[in-house]
Amino acid sequence: MNSMNAPCYTMAMDLGVCQLRNFSISFLSSLLSAESSHVQLDNSSSGASVVAIDNKIEQAMDLVKSHLMYAVREEVEVLKEQIKELIERNSQLEQENTLLKTLASPEQMAQFQAQVQTGSPPTPQMAATPGPASATTLSQSATHSSGPSA
């Protein structure tokens, strides 16, 4: 593996682009060096050599384009899957939020709204509030343990 590839592995798209770039550079170099040797050997047909070089460059550009489109399509599929997972996670969190709102007492909701407005962190009141608060606390602890760790 050469040093041009080293910093390019942050995402699948980056890896594909780096591999494509290195392939394209080596491919174009080999095409041009092979074609230039023909030009040096046969200076009388320079017009035909220029056309041949142009054709080789066009072929190489088409190849690069197709590889790049393939890499982009792969990345789009990965992103679509991530979006699908995030939508599912959002739906789950909305359902949990609705459940917690129904289980919370009016006092707890008022306290929560006050905390949201002031920006202060929530204070646990497990022992102070009996009944629905313990159900809310259980739901919250289940919510924290069921989510993915980031």
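This is a predicted model: local features need pLDDT of at least 70, side-chain atom pairs count only at pLDDT 80 or more; totals for chains, interfaces and linings use all residues.

Author: Residues are numbered from 1 along each chain as its sequence is written, and side-chain values use heavy atoms, with hydrogens and water left out.

Reader: Which pattern does the protein follow along the sequence?

Author: Helices (H or I, at least four residues) and strands (E, at least two) are DSSP runs, numbered from the N terminus. The protein has 4 helices and 0 strands. Read along the sequence, the pattern is therefore α-α-α-α.

Reader: What percentage of the 150 residues is buried?

Author: A residue is buried under 20% relative accessible area, exposed over 50%, and partly exposed in between (1.4 Å probe, protein chains only). Of the 150 residues in the protein, the buried share is 15%.

Reader: Is Val76 buried, partly exposed or exposed?

Author: Val76 lies in helix α2. Because its relative accessibility is 35%, Val76 counts as partly exposed.

Reader: Where is Glu85 found, and what is its relative accessible area?

Author: Glu85 belongs to helix α2, which covers residues 46-103. Glu85 is partly exposed, and its relative accessible area is 44%.

Reader: Among contacts between residues at least 6 apart in sequence, what percentage joins residues at least 24 apart?

Author: A contact means heavy atoms within 4.5 Å. Among contacts between residues at least 6 apart in sequence, the share that joins residues at least 24 apart is 57%.
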